[in-house]
Amino acid sequence: MKWFTIMDKAPSVLLPLKILILFFAEIHTKTDLKIGLMVPWFGASWDEGPRAIGTALCAIDEINKNDDILGSFQLQYHWRDDGCIRKNALANLTALWALGVDVFIGPSCSDSCEAAGELAAVWNLPMISWSCRSSILSDKEVYPTFSRTVGPYSTLSKPFIGMSTCHSFHITFMNSF
C-alpha cells in the first residue's frame with residue numbers, strides 16, 4: 001500500500017500506529033478505534049512532543065481518509081501531556097481510560113512507562129511505546145500488555161560490539177548526551 005511507503009519514511013512514533021492497524025484490522029469488531037496518545041509536551045527534557053504528536057495526528061487523518069487501509073474503521077484519538085513525570089503519566093492514563101480508549105500509545109519516557117504499563121496491565125489494555133528502553137519493561141509477568149518499538153538499553157551493547165569487531169576497532173567508546 002502506498003500509505004505504508006509513506007509511513008516507512010516517517011519518525012518512529014508512527015510505528016505503533018502501523019502495529020495497531022495490522023492488529024485491530026483483524027480482530028477488532030468496533031467501527032471506531034480510540035487511541036490514547038501520551039506525549040511529553042511541557043516541561044519535559046524530551047523536546048520531541050510537538051513533532052511526535054503532529055506526525056501522529058497527520059497519520060491518523062490520512063488513515064481515516066483512505067478506506068483501503070481500515071475499511072469501515074475510523075481512528076479517534078485523545079492525547080495527554082505526561083511531561084515525562086511518573087505521577088502525570090498515571091493521572092493522564094487514568095483520564096484516557098475514563099474516555100474509553102482501546103489502546104495507549106506512549107508514554108515516551110521509561111519512568112512513566114514503568115508506572116503506566118502496570119496500570120494498563122490492570123485494565124488489560126495494550127500499551128505501545130516508541131522510546132521506552134528500560135529493561136524492567138521486558139518482564140511480561142508485570143507488563144503483559146506492554147510492547148515497544150525499540151529494544152531495552154541492555155541490548156545496545158551487542159550491535160556495538162559486533163560493529164567494532166567487524167571493523168577491527170581496538171578502542172571504542174559510547175557517549176550519551
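## Aromatic pairs

Rings of Phe, Tyr and Trp (its six-membered ring) pair if their centres lie within 6.5 Å; planes under 30 degrees apart count as stacked, over 60 as edge-to-face and the rest as tilted. This structure holds 3 aromatic pairs. Phe104 and Trp123 make a tilted pair, with 6.3 Å from centre to centre and 40 degrees between the planes. Phe104 belongs to strand S3 and Trp123 to helix H6, so their pair ties together parts 19 residues apart in sequence. Phe104 and Trp123 are buried (under 20% relative accessible area, with exposed over 50% and partly exposed in between; 1.4 Å probe, protein chains only).

The ring centres of Tyr143 and Phe146 are 6.5 Å apart with planes at 65 degrees, so this pair is edge-to-face. Tyr143 and Phe146 are both buried. Ring pairs also link Trp97, Phe104 and Trp123 into a cluster.

## Basis of the model

The model is predicted: local features need pLDDT of at least 70, side-chain atom pairs count only at pLDDT 80 or more, and totals for chains, interfaces and linings use all residues. Residues are numbered from 1 along each chain as its sequence is written, and side-chain values use heavy atoms, without hydrogens and water.

## The sheet

Helices (H or I, at least four residues) and strands (E, at least two) are DSSP runs, numbered from the N terminus. Strands pair if DSSP finds at least two bridges between them. Five strands form an open sheet with parallel pairing, in the order S2-S1-S3-S4-S5. Its edge strands, S2 (74-80) and S5 (146-148), each pair on one side only. S1 (residues 32-38) pairs with S2 over 7 bridges in the parallel sense. Leu33 has Leu75 in S2 as its bridge partner.
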